[in-house]
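Visitor: I'm new to this structure. Could you pick one part and take me through it closely?

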Amino acid sequence: MFTSACASRTALQFHILCPSCSSKIFIQLFHRSIQPNRLREQKQWNSHSPPNFLLHNQISFGENRIDSEAKAIYTDGSKTDEGTGSTYCILENYGIIASWQGKLDRSNSVFQAEILAIRMAIEAASSLHRPIKIWTDSLSSLMAILNPKSHHSMVREIQTLLLSHTHIHLRWLKARVGYLGNECADQLAKEAITKGYSFLLPKPLSYLKSEIKSAALSIWQDNWDNGETGRSTHDIVPGVSNKPVGWNREEIMFVTGHRPFPSYLHRFNLRTHDNCSCGEKGDPMHYATKCRFTFPWHFQTPTVSLKLQWLKNILTNNLSRIRLRLLMRFICDENNLIVEDNH
């Protein structure tokens, strides 16, 4: 949960709540040229009024008949670990007669690449002065262009261009089903990642979220590795994650050694000793392997060197987890029986 945020050319600063202890963590990303207006396009609220926004006449989601002999433009975007590519190609008589390739930063999204390709294709088609179809397999891009309240600056540019060039029509087609133009555009988009003309676009909001998440997890991991408490749990779950481990209440009590074990109660001076009724130390391992009162739910006693692996195996085996839950429920329900009187 974010409590405050600010950014400049040299640093990004913000506070978050630590997932483990709910305390505020201050994070500063140094040496990053990040500006809010470069991470997210500024919102523009002057939406087209409904009477003037008739783009549904120029945009179709049905897979209309594709004539490979007629002149048409195909667009596509691609993203890999190396970067992001954007392209369009003009086909006529089954051959490419013109194309454009743009190389974007690896932080840019596929959506940005798809939108840029459509934007550049419309510019190319605006000079043809005859009806022409621009084909894309990006359904999200067409939906964004149809939205009259879109805040995306390039989407709004596309809307304006389409309204002033009614001979241009956008069409959706299904990807990877053998359309020649789509296959050509897909190949060119992949090549554009390394061979295209460099094109600078603002970093998307998703990139900022990813950076913040990565920084927060890094700080959380450092605190978890160097903390003084929860060491028994750290041995089993050394890596932090936003995903829960899936343990229930009984399993958490057993792993942490918390209530109702005599060893835990004695540590916090809630009992004068840590003995079980059978006379031995009443810790989780004792009740899981030795105590005569919990014999029906006993596990095989592990060696000292294999104790950690033994516990991990229990927590990853469904039948063992059921037995562990039954053991813990018995200890909680029959606490007076298995815990020696406090005197």
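Guide: Let's start where helix H11 (residues 307-316) meets helix H12 (residues 318-333): their axes come within 5 Å and cross at roughly 95°. Helices here are DSSP runs of H or I, at least four residues, numbered from the N terminus, and axes are lines fitted to C-alpha atoms over the stretch in contact, with angles from 0 to 180 degrees between N-to-C directions. On the H11 side, Ile314, Leu315 and Thr316 make the contact, and on the H12 side Asn318, Ser320, Arg321 and Leu324 do; contact means heavy atoms within 4.5 Å. By class, that's three nonpolar, three polar and one charged residues, where Asp, Glu, Lys and Arg count as charged, Ala, Val, Leu, Ile, Met, Phe, Trp, Tyr, Cys and Pro as nonpolar, and the others, Gly among them, as polar.

This is a predicted model, so local features need pLDDT of at least 70 and side-chain atom pairs count only at pLDDT 80 or more, while totals for chains, interfaces and linings use all residues. Residues are numbered from 1 along each chain as its sequence is written, and side-chain values use heavy atoms, leaving out hydrogens and water.

Elsewhere, the structure holds seven salt bridges, each a side-chain nitrogen of Lys or Arg within 4 Å of a carboxyl oxygen of Asp or Glu. One of them joins Glu157 and Arg119, with the closest N and O atoms 2.9 Å apart. Glu157 sits in helix H4 (residues 153-164) and Arg119 in helix H2 (residues 110-125), so this pair ties together parts 38 residues apart in sequence.

How values were computed:
Helices (H or I, at least four residues) and strands (E, at least two) are DSSP runs, numbered from the N terminus.
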